[in-house]
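Q: Hey, can you walk me through this one? I'd like to start with a pocket and then jump around a bit.

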Amino acid sequence: MNKTIVTLILAIATMTFCNAQKIEMEKVFGGYKYTQDGNLMTMKGLVKTMESDQQAFDLIKKAQSNNTLASIIGFAGGGLIGWPIGTAIGGGDANWTLAGIGAGLVAIGIPIQSSVNKKTKQAVELYNSSLNSTTFYEFKPEFKVIANGNGIGLAMNF
């Protein structure tokens, strides 16, 4: 009998502590910030976390590749904008055509980054919905002091 009770308690404790944790999203300027257990997650961390859910994994991999593309285009566009501005500040003859091309690259990168944000948000929502929240039980007892005709006591609700 004792072995059965101990086995049951260990099984419940294992299910409680081994479940995946929900990923929280917070809207910030230019997109979202993703955290899990209070730790900030990078795109690489999101991909690794979502390996267990195939649909969410496929979405986050697309978002990751688009994020790389948007970063490269944005960096190149920023450099092409910054070079003529730096030349003009330095007193040289600036090539403003380069700045125009850079602005065009930045304009192309913005919708790609927007797509990244959308796909990442969808992947996180899909991942969170796939977590089985019914097996995760967080023990949060409430304590109350109770006084009645029999005396004073402490009650615990959970």
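Q: Which residues lie nearest the centre of the second largest pocket?
A: Tyr32, Tyr34, Met43, Gln113 and Asn117 lie nearest its centre, out of 13 residues that line the second largest pocket. A pocket here is an open set of points on a 1 Å grid over the protein atoms alone, where a 1.4 Å probe fits and protein lies on both sides within 12 Å along at least five of seven lines; lining residues have an atom within 4 Å of a point.

Q: Before we go on, what sort of model is this?
A: It's a predicted model, where local features need pLDDT of at least 70 and side-chain atom pairs count only at pLDDT 80 or more, while totals for chains, interfaces and linings use all residues. Residues are numbered from 1 along each chain as its sequence is written, and side-chain values use heavy atoms, with hydrogens and water left out.

Q: OK, what volume does the second largest pocket have?
A: About 160 Å³. That volume is the space filled by probe spheres set on the grid points, which are joined across faces, edges and corners.

Q: And which helices and strands supply at least two residues of its lining?
A: Strand 2 (31-36), helix 2 (43-49) and helix 4 (96-130) each do. Helix 4 gives the most, with 4 residues. Helices (H or I, at least four residues) and strands (E, at least two) are DSSP runs, numbered from the N terminus.

Q: How does the lining split by class?
A: The lining of the second largest pocket has 6 nonpolar, 6 polar and 1 charged residues. Nonpolar covers Ala, Val, Leu, Ile, Met, Phe, Trp, Tyr, Cys and Pro, charged covers Asp, Glu, Lys and Arg, and the others, Gly among them, are polar.

Q: Switching to rings: how many aromatic pairs are there?
A: The count is 1 aromatic pair. Tyr32 and Tyr34 form that pair, with 6.3 Å centre to centre and 35 degrees between the planes, and it is tilted. The rule is that rings of Phe, Tyr and Trp (its six-membered ring) pair if their centres lie within 6.5 Å; planes under 30 degrees apart are stacked, over 60 edge-to-face, and the rest tilted.

Q: Is Tyr34 buried or exposed?
A: Tyr34 counts as buried because its relative accessibility is 7%. Tyr32, at 25%, counts as partly exposed. The cut-offs: buried is under 20% relative accessible area, exposed is over 50%, and partly exposed is in between (1.4 Å probe, protein chains only).

Q: What sits over the ring of Tyr32?
A: The charged end of Lys27, 5.0 Å from the ring centre. For this to count, NZ of Lys or CZ of Arg must be within 6 Å of the ring centre and within 35 degrees of the ring normal.

Q: New topic: how many salt bridges does the structure hold?
A: It holds 2 salt bridges, each being a side-chain nitrogen of Lys or Arg within 4 Å of a carboxyl oxygen of Asp or Glu. Glu26 forms one with Lys33, with the closest N and O atoms 3.5 Å apart. Glu26 is partly exposed at 42%, and Lys33 is partly exposed at 31%.

Q: Which residue does Glu125 pair with?
A: Lys121, with the closest N and O atoms 4.0 Å apart. Glu125 and Lys121 both lie in helix 4, 4 residues apart, about one turn of the helix.

Q: Zooming out, how many helices and strands does the chain have?
A: There are 4 helices and 5 strands, in the order α-β-β-β-α-α-α-β-β along the sequence. Buried residues make up 22% of the 158 residues.

Q: Where does Asp37 lie?
A: Asp37 is in the loop between strand 2 and strand 3 (39-40). Asp37 has a positive phi of about 55 degrees although it is not a glycine. Most residues other than glycine have a negative phi. With a relative accessible area of 54%, Asp37 is exposed.

Q: And is Met50 buried or exposed?
A: Met50 counts as buried, at 0% relative accessibility. Met50 lies in the loop between helix 2 and helix 3 (54-89).
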